[in-house]
Amino acid sequence: MEKKNSYSRRFFIKASAALGALALVPKYVSSFYRDIKALIVPVKEHINLTVSVNKKPYTMQADTRSTLLDLLRENLQLTGTKKGCDHGQCGACTVHVDGERTLSCLTLSAMTVGKEVTTIEGLSEGDDLHPMQEAFIACDGFQCGYCTPGQIMSAVACVKEGHTGSVEEIKAYMSGNLCRCGAYNGIVESIQKVAQHETI
Amino acid sequence: MRPFEYVKPKDSKEALRAKTPTGAYIAGGTNLVDLLKKNIAVPHQVLDVTQALSDKITLKRSGIEMGAMVRNTTAAINPTILEQFPLVSKAILAGASPQIRNMASIGGNLLQRTRCPYFYDTSLPCNKRAPGSGCGAYNGENRMSAVIGYSADCVAVHPSDLCVALAALDATVVVQDAQGKKRSILFKDFHRLPESAPQQDNTLPEGALIREVYIPKNAFHKHSAYVKIRDRDSYAFALVSVAAALQLDGNRIVAARLASGGVAHKPWRWLAAEQFLAGKETNATVFAEAAALAVQDVRPLAHNAFKVDMLKGAIETALQEALQA
Amino acid sequence: MSMSESYYLKQQDTEGRVEARAKVTGKGKYAAEYTVDNLCHGVLVGSTIPSGRIIAIDTEQARQVTGVIDCLSHQNRPLIPGFSSAEKIKESGFGLPIFHTDKIHFKGQPIALVIAETLEEALYAAALVKAEYEEAEFDIDFDKKRQEIALQESGKERGTLEAWKQAKHVVEQSYSIKAEVHHPMEMHATIAAWTAEGHLELHDKNQGVNNVQQVLAGLYQIPKEQIHVVSEYVGGGFGSGLRVWPHVLAATMAAKQVNRPVKIVLTRPQMFVSTGYRPASWQRIRIGADEQGRLLGIHHQAMNGTSTYENFNEGITRVTRLIYDFPNLKAESATVPLHMNTPTWMRGPGDCTGDFAVESAIDELCYTMQKDPVQIRLDNIASVNHPDNKLPWSTHFLKECVTQGAKMIGWEKRSSQPRSRTDGDWHVGYGMAVGMWNASRGKASAAIRMTGDGHMVVQTAMTDIGTGTGTGMLNIAHDVTGIPKHQIHIELGNSNLPPAPSQGGSTGMSSVSGAVVAVSNALKLQLAQYAAKSNPGFNGVSADEVMLSADSITLPDKANVRIAYTDLWANNLLGQIHVEATSEPGEERKKYAFCSSAAHFCQVRVHQKTGKVKIDRMVCVADGGTVINQRAAANQMSGAAVGGIGMALMEEQFVEHKLGGLIADDLAGYHFPVNADAPIVEVAFIGKPDPNINPSGAKGLGEVGIIGTAAAISNAIYNATGKRLRDLPMTPDKVLLATPS
């Protein structure tokens with residue numbers, strides 16, 4: 001396990017030596033002991049955030065490292081946005097940020113302050129479905145359903161961006177959303193269906 | 001991911017001032033967040049420059065200026081770019097996915113790190129990530145590695161498509177250093193060859209910011225093409241890619257530009273082939289000769305000899321497509 | 001057989017899947033998505049060496065990270081009773097005794113688990129765990145290691161090798177396929193919680209809740225009733241969920257250790273080394289035919305990689321015994337132990353691999369003989385009896401698939417001369433191949449709970465990994481009972497429900513459909529019995545005579561015999577009616593052989609200068625018996641074809657040969673098809689029921705969609721370019737550098 005710590009090796013050795021020496025000192029300096037330790041393994045940094053998700057503001061104290069994806073899934077219980085790779089290589093985590101399709105796994109939560117985040121849960125209201133959701137049902141644009149929220153968020157953007165001129169164009173602009181079940185037939189058909197409707 | 005302090009400077013001045021030696025700027029985040037998760041980048045401070053840098057595209061008398069914070073998609077669909085610098089758009093659209101292009105910034109695109117798998121796996125040797133640990137790929141699994149301009153210390157390739165177009169079009173990079181001083185770096189001088197210091201990808205001074213990327217006006221807008229060969233049709237890094245641009249006078253080539261991705265530590269210009277093409281007629285034989293000339297200097301590694309033929313084919317194809325564009 | 005013929009014709013379904021709404025709104029909960037009180041997060045730490053022994057694990061730094069609760073390793077964990085001795089570990093059949101050994105079998109082997117309050121903390125702490133190893137020699141190079149391994153007889157030899165030694169036409173070639181990884185979009189995940197009474201609650205991603213229950217009950221030596229497994233939504237499997245993998249056990253151990261619910265979600269790189277893969281394989285085929293193109297014999301040799309701690313034989317030569325009536329057949333196989341994790345079944349296991357070689361070799365033979373590949377299939381496919389056990393096929397429509405597929409693609413446009421059609425810089429060609437799969441069926445149970453308002457719930461423990469199990473159940477329950485679909489609710493993927501086999505080997509629908517038919521009939525009979533108390537017309541009726549409507553029980557043949565549920569419930573003082581039934585294969589298995597089959601055709605373009613391959617058209621015609629849901633079935637077939645495109649053109653688990661492990665182990669390094677890689681796949685079904693396999697007549701489609709696809713593509717590339725590629729995946733570099741034969 002090779003890991004690049006931001007403290008130099010020399011600092012580390014010095015700190016370790018200090019720790020060794022400190023093991024002999026009385027308990028009343030234990031707070032100092034903890035501080036030194038904290039220098040070796042940095043403590044978590046917090047930030048106070050207000051993030052607007054599906055037009056609802058959420059205010060919380062978050063870990064600066066939290067990605068939008070983990071914030072949605074682990075903190076806000078909005079699990080419709082999926083984690084398929086966590087590294088921007090699959091598209092399952094696609095959400096809209098200020099109306100544009102974005103990968104939430106590569107977005108730090110802190111960077112979404114002041115922006116509007118839309119997830120699959122916010123695509124439609126009440127019992128009504130968004131036309132793209134209806135189309136995915138009618139065209140069977142999924143199998144296991146795991147990539148589906150990301151596909152739908154991406155598909156909505158694809159139509160909005162106007163990339164529905166041909167099957168090839170739809171396929172090119174939907175290639176940022178992997179589907180291992182290979183439900184690409186139905187995904188393309190769903191988008192065609194919505195695009196046709198929108199241009200009438 | 002190591003804990004870090006998050007700061008969001010209001011302008012470039014504040015950004016430059018606030019940055020500590022262990023800080024890292026973040027723009028689109030499409031590369032840095034990945035590197036943070038892999039514990040390859042371990043900054044103590046992350047500075048969000050999305051507000052601090054320009055996201056404007058400005059047509060000037062002698063060229064076009066793209067602010068560092070212009071998103072890739074914005075550049076790709078900009079009417080002026082499509083009309084006068086279409087190669088830039090073609091290269092951007094050949095890369096990543098719509099989502100990533102929406103996020104990624106122009107400045108960040110220049111600064112993205114290699115996708116060499118040895119760099120990305122902290123259990124493997126890599127001089128770029130851990131100087132002195134060796135280059136695992138040089139004698140290892142180097143199918144995706146460089147075929148030119150590499151050293152025994154590093155055979156990584158630069159992953160950008162946009163940069164190949166920028167190299168072809170002789171762009172310049174406007175940077176601002178920690179002291180606030182601005183200067184221009186020619187694109188060909190911006191990215192480095194690995195030599196014995198592969199940890200340094202480029203010549204951006206420590207603590208400096210990219211402010212703008214500038215492309216001078218040219219006469220290549222009518223005939224340009226970007227050809228990218230990869231293991232799948234989309235959303236994959238290049239095995240090889242070629243940006244080709246021709247300035248024509250009837251059947252005669254006045255000037256040509258040829259650059260490649262997936263072959264070197266930096267976007268690679270095929271200058272000899274460009275010179276050869278100047279003044280020649282446009283035909284398949286000439287294109288094949290130019291491609292052959294380009295690959296003459298290529299020195300593949302154990303597992304990427306295919307790049308020679310593929311590159312040659314891609315150059316011919318790109319020239320042909322540029323002609324027909 | 002209790003259903004009328006007309007059932008089979010009602011195949012159109014436009015209302016979408018039963019779980020569609022939950023999936024398109026993101027409301028369906030996958031394993032890692034349940035809200036559990038007091039939950040903490042576990043992150044596994046993998047070995048950084050491929051072979052050897054752990055000397056020490058240093059968790060000092062990891063433990064200093066804010067929020068870290070504990071670190072488990074073989075030095076510090078609760079003992080699993082089933083792993084208390086070396087013998088027990090072996091007996092358990094679990095494979096890797098996680099945290100109960102210091103031995104390292106592969107790089108990435110889990111050696112520690114960090115448990116923390118938040119995911120961010122656990123991930124960071126996991127990166128700080130250090131281990132010291134004693135390194136040992138390793139074998140990672142399949143092609144090198146296999147040279148040391150001897151082949152062994154694989155199944156009974158038919159005829160002799162001698163008999164066709166002088167065959168007029170002979171092809172002898174080797175084929176190899178790199179290892180492939182399932183990579184369902186949902187990464188495997190488990191939430192484990194122990195209750196005060198020693199019960200275990202699991203939310204887990206798998207393809208069989210009863211299997212998970214059984215395996216863990218064995219390891220913990222507790223009654224399986226004390227283990228509750230919920231897997232309502234499963235984000236794909238492809239075989240990766242057919243075993244219980246070490247991370248599942250790690251989560252249960254951690255939950256015990258910290259006395260809190262623990263969630264483990266594998267990372268994508270961990271998915272490469274944690275939940276199996278299709279092993280690398282090598283095959284050699286010698287095949288012969290007479291002057292007329294009648295296949296005389298085949299000698300099929302195959303090897304596949306396995307781990308050093310378990311032996312997994314993929315069954316590559318099985319398919320050779322299935323499709324053609326070779327009078328002479330010799331099959332040999334062997335496994336090659338490597339310092340990698342154990343491979344497992346992946347979509348079309350064995351057959352998919354073997355079929356690539358056999359169907360490529362037959363194509364090669366066709367060019368040698370100058371015969372049409374379609375005609376050679378039609379002349380040689382064993383369509384009457386199973387070639388090995390000689391039982392008559394219950395139904396067999398592979399020849400019909402071939403004929404229909406040829407028509408759909410326009411096979412007559414194919415030039416029999418390779419490398420003879422171009423379109424600019426592109427070579428154009430056509431290829432075809434066939435695939436088959438032994439259709440089987442397991443024992444499954446289902447229950448119905450019905451209330452007086454005419455609503456009912458159909459239940460089974462079986463999972464729905466995306467194949468449409470629930471929708472199939474709904475369709476069958478509706479068709480058999482008559483109750484409108486909107487009054488039927490489906491519950492599955494839960495071990496508290498009636499038991500069912502794991503969902504694999506295309507047996508899911510085949511098994512559960514029988515149970516749903518049985519329980520639907522049981523419900524009708526039970527209601528008829530109550531009805532008979534007030535209306536003697538219901539006395540002694542058979543299930544076929546009874547029909548249930550939205551609000552009443554009727555006898556369709558007798559117009560006036562009808563009792564409203566409200567009356568029926570009131571008269572009999574009923575609450576909720578509960579019926580359960582089990583269905584399993586029987587004597588028919590001794591009388592018939594069963595198969596699903598498919599013919600694959602494609603048109604490809606190959607770029608002369610860059611080696612790029614574009615699949616212009618892909619046609620799949622399948623016989624899976626009854627098609628219970630047209631859209632879901634077509635989706636599964638086209639999806640499998642997409643998987644086949646991946647297998648053919650791009651999927652490869654990259655091995656670091658010098659350092660001994662995997663490399664490029666993420667979804668940027670491991671390519672499977674994106675939308676642009678696949679054409680709109682054209683799918684058709686024969687759609688005729690198999691009257692003997694089960695009451696629904698459905699034979700299963702999960703596997704045949706991928707068996708044969710890779711060969712069809714490879715054969716098309718040959719037709720286009722004259723280049724024969726025998727090494728998958730056929731990436732642009734290989735296509736470009738190959739020389740035309």
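## A walk through chains A, B and C

Between them, domain 1 of chain A and domain 2 of chain A bury about 1400 Å², and carbon and sulfur atoms give 50% of that area. On the domain 1 side, the residues that lose the most area to domain 2 of chain A are A:His96, A:Arg101 and A:Ile120, which together make up 43% of what that side buries. Keep in mind as you look around that this is a predicted model.

Let's stay at this boundary for a moment. The domain assignment puts residues 44-122 of chain A in domain 1 and residues 124-200 in domain 2. Their centres, taken over C-alpha atoms, are 22 Å apart, and the contact draws 19 residues from domain 1 of chain A and 19 residues from domain 2 of chain A. How many salt bridges does the rule find across this interface of domain 1 and domain 2 of chain A? There is one. If you'd like to look at a salt bridge in chain A, go to A:Arg101 and A:Glu161, whose side chains meet at 2.7 Å, N to O. A:Arg101 is also one of the residues named above for losing the most area on the domain 1 side.

Now step back to chain A as a whole. This chain has seven helices and five strands, and reading along the sequence gives the pattern α-α-β-β-α-β-β-β-α-α-α-α. Of its 200 residues, 58% count as buried.

One residue in chain A is worth a stop: A:Lys83. You'll find A:Lys83 in the loop between helix H3 (68-75) and strand S3 (94-97) of chain A. Is this lysine, A:Lys83, buried or exposed? A:Lys83 counts as buried because its relative accessibility is 11%, and the cut-off for buried is under 20%. The side chain of A:Lys83 makes a polar contact with the side chain of A:Asp70, at 2.9 Å. Leaving out residues up to four places away in sequence, A:Lys83 touches A:Leu69, A:Asp70, A:Arg73 and A:Tyr146 from chain A, along with C:Leu119, C:Met185 and C:Met187 from chain C.

Chain C is split into domain 1 (36-136 + 192-236 + 241-266), domain 2 (281-440 + 590-737) and domain 3 (444-584). The centres of domain 2 and domain 3 of chain C are separated by 39 Å, taken over C-alpha atoms. Their contact uses 16 residues from domain 2 of chain C and 14 from domain 3 of chain C. About 1100 Å² is buried between domain 2 and domain 3 of chain C, with carbon and sulfur atoms giving 54% of it. On the domain 2 side, C:Ser440, C:Ile628 and C:Pro695 lose the most area to domain 3 of chain C, together 39% of what that side buries. Across this interface of domain 2 and domain 3 of chain C the rule finds zero salt bridges, though eight residue pairs are in polar contact, both partners at pLDDT 80 or more. The residues of domain 2 of chain C that touch domain 3 of chain C divide into seven nonpolar, seven polar and two charged.

Last stop: where chain C meets chain B. Here 33 residues from chain C and 33 from chain B are in contact, and about 2700 Å² is buried, 59% of it from carbon and sulfur atoms. C:Tyr124, C:Lys609 and C:His671 lose the most area on the chain C side, together 19% of what that side buries. The rule finds five salt bridges across the interface of chain C and chain B. In one salt bridge, B:Glu316 pairs with C:Lys609, with the closest N and O atoms 3.4 Å apart. There are also ten residue pairs in polar contact between chain C and chain B, both at pLDDT 80 or more.

Which elements of chain C supply at least two residues each to the side that touches chain B? They are helix H4 (119-128), strand S27 (655-656) and helix H18 (732-737) of chain C. H18(C) gives the most, with four residues. By class, the chain C side that touches chain B has 19 nonpolar, six polar and eight charged residues.

Definitions and conventions. Residues numbered from 1 in each chain as written. Chains lettered and ligands numbered in written order. Predicted model: local features only at pLDDT ≥ 70, side-chain atom pairs only at ≥ 80, totals over all residues. Heavy atoms only, no water. Domains from an automatic or database assignment. Contact = heavy atoms within 4.5 Å. Buried area = accessible area lost by both parts, 1.4 Å probe. Salt bridge = Lys/Arg side-chain N within 4 Å of Asp/Glu carboxyl O. Polar contact = N/O pair within 3.5 Å; in protein donor to acceptor, adjacent residues only side chain to side chain. Nonpolar A, V, L, I, M, F, W, Y, C, P; charged D, E, K, R; others polar. Buried < 20%, exposed > 50% of the residue type's maximum accessible area, 1.4 Å probe, protein only.
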